Amino acid sequence: MFVNGILLLNHTNRIVIIATGSSTCAFLYDSTATDGINGSSVTSKANKKTQVSRTELITKSMQEFVSKEEEASKESSQIQYSNISGSLSMALCYIQRVLRGPLPHPQARILCLQGSPDAPYQYISVMNSIFSAQRNGVVIDACVVGSQHSAFLQQATHITGGIYMKPPQPDGLFEYLMMVFTTDLFSRQFLQLPRPVGVDFRASCFCHKKTIDMGFVCSVCLSIFCKHHQTCSTCGATFSRSNSTTVTGMKRKAPGS
Amino acid sequence: MSRECCALMWRSNSASTVSVCPPWRGLVFSAASSAAEMDLRPSRMGIVVDCVEAFVREFFDQNPLSHLGVILLKDGIAHQLTDLSGSPETHIRALRSNMESTGDASIQNGLDLARGYLTQIPSYGHREVLLVYSALSTIDPGDVMETVQECKKANIRCSVVGLSAEIYICKLLCEQTGGMYSVATNEGHLKELIMEHAPPPAAQAEMSVASLVRMGFPQRGAEDAVALCACHREVKMGGGYTCPRCKARVCELPTQCHICGLTLVSSPHLARSYHHLFPVSPFEEVENLASANGRQSLSKSCYGCLQELPTPGGKVKGVRLECPRCRQHFCFDCDNYIHESLHNCPGCESNSVILSQLSQ
């Protein structure tokens, strides 16, 4: 329904849906493709039947994807994270293809609907995607339907200028999607949209992948560590105890600083 | 009398072979009378300020933890326009409001002032000076050769972009300190030459001293939080960052906490350079489509953008590229985009087996 809503707003709107699973990512639907993603053809020409076919197409692709995922993750009993960096990269590649095409170019936006927690090992890849999106003027919006906030998506929306929202009542998801995320970038300045609650800019340390708010940074390669190390695991630089400095180089009298 | 504008920009950059360490650079700008010449449209000063503004933005984009300061050479004296700081807007505002050019330029005074500031920075930083010089001479109080030797001793790498002609003293300065000297022939060339100095230079191993710097990663406050900020000493509404050590509020990052002195950065600032550490392996062209067909069924479209790829006997022309790790196929444009801008292979990122190997 949400997809139909967006496509109805303007005849030049186009949508691509990418699904993210714990073992893989895939394109589910492309509104500009005359046949489906998997090559199945839509032969019906009547308007009503076309609309039904779109919903059927999306549902069918999603069901195939979910069954593949279920098979792949049967053996694993760990917490499943979603490979959001994979789908963000695929989305950005697709947007680049559209921007290479003929004018007029659409305003590109990415809406991330996330239910699983962030994968800490994907920090660098997600940040790479965010910076590439920022450079190309692509806005990333986020709607988090899981139980916890997502620090990655908070940073993504803050850096690219998008909207971050965690709906307090997930049952009304369709209404949140239509009211908040359908508007184009120009019209957003005239609307009262959800304000950011604050962005979690903490980093993950390279050694344990846990989130820290104070740490040590190697001056050669900028890797982050939670405690003092003898050598940097990324670039191999060696540090001695006396090398750890603050910028001013002043000795601090307070303990534990 | 011709008016001259030299912008001396100083930058200090600490860099390994991939040059990701914070730079501190000085930009020395000569605003002497030769800058009002009209041979470069609209005037030398105008075109230099435009190029320098673009340079400042690109510089902070490529070197997120860097500091830049601007010095103006006017009337034979060096004036400090902005202090070493990490905010591009401060420098651009100051440049736009000081566009008059008078008097003569003095390289010695400019370099002495820049050196005075750059020697205060810590050892892991790289020190650089970029001098944009439009004059044909320099009026110095003492021996400029001594200043050149002092800069060399202080490990300051000086580069010059000239606007009029090649000058011997600039050439000597660059040769002695290991910098680059170039002279612009037209407006486009000038912009190219200045922008060449934005990416961090490759560093020599012996010059970079490794140290672990303690840094804090503050949280950004909610939009309705009201607090007293430590930098301006005023009450501020919304936004702002809280120092994790002393809980003081600062307005922008990166900065040093005004109360406890902890360097505060946001993780995106550091993460901007991580793509140098973990680059994407170059893709290989799939040469023989017919033989590759036997190994696996060839995908009809590019994994990244769904564009049609060439198949044996098909009508589509082009190249098909394969990632050596995940074995997915991509088109030429995606390959370009992935290696130039994105720095992530979509195939590797979507494959949980590869991801678990990488995270160990």
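How many bridges join strand β10 of chain B to strand β17 of chain B, and do they run parallel or antiparallel? The legends below take up this pairing and other close-up views of a predicted model.

**View 1. Strands β10 and β17 of chain B pair side by side.**
Strand β10 covers residues 212-216 of chain B, and strand β17 covers residues 263-264. Joined by 2 bridges, they run parallel. Gly216(B) stands opposite Leu264(B), a residue of β17(B).

**View 2. An open sheet draws strands from chains A and B.**
The sheet has 5 strands. Their order is β9(A)-β8(A)-β10(B)-β17(B)-β16(B). The pairing is mixed. At the edges lie β9 (224-225) of chain A and β16 (255-256) of chain B. Each of these edge strands pairs on one side only.

**View 3. Strands β1 and β2 of chain A form a hairpin.**
Between the two strands lie 4 residues. Strand β1 spans residues 16-20 of chain A, and 5 bridges join it to β2(A). The two run antiparallel. Ile17(A) stands opposite Tyr29(A), which belongs to β2(A).

**View 4. Strand β2 of chain A is largely enclosed by the rest of the structure.**
This strand takes in residues 25-30. How many of its 6 residues are buried? The count is 5, so the strand is largely enclosed.

**View 5. Helix α6 of chain A has a buried side.**
The helix runs over residues 173-181. Its buried residues include Tyr176(A), Leu177(A), Val180(A) and Phe181(A). Why do they sit on the same side of α6(A)? They cover an arc of only 100° around the axis, which puts them there. In an α-helix there are 3.6 residues a turn, so residues three or four places apart point the same way.

**View 6. Helix α6 of chain A packs on one face and carries exposed residues on the other.**
Which elements do the buried residues of α6(A) pack against? In chain A these are α1 (2-9), β3 (109-114), β4 and β5 (164-165). Glu175(A) and Met179(A) are exposed, on the face turned away from the buried side.

The mean pLDDT of chain A is 78. In this chain, 83% of residues reach 70 or more. Over residues 35-50 of chain A, pLDDT stays under 50. The model has 16 contacts beyond four places in sequence for this stretch. Residues 243-257 of chain A also have a pLDDT below 50. Beyond near neighbours in sequence, that stretch has 21 contacts in the model.

Notes
Residues numbered from 1 in each chain as written. Chains lettered and ligands numbered in written order. Predicted model: local features only at pLDDT ≥ 70, side-chain atom pairs only at ≥ 80, totals over all residues. Heavy atoms only, no water. Buried < 20%, exposed > 50% of the residue type's maximum accessible area, 1.4 Å probe, protein only. Pairing = 2+ DSSP bridges. pLDDT = per-residue confidence, 0-100. Contact = heavy atoms within 4.5 Å. Arc of directions from axis to C-beta.
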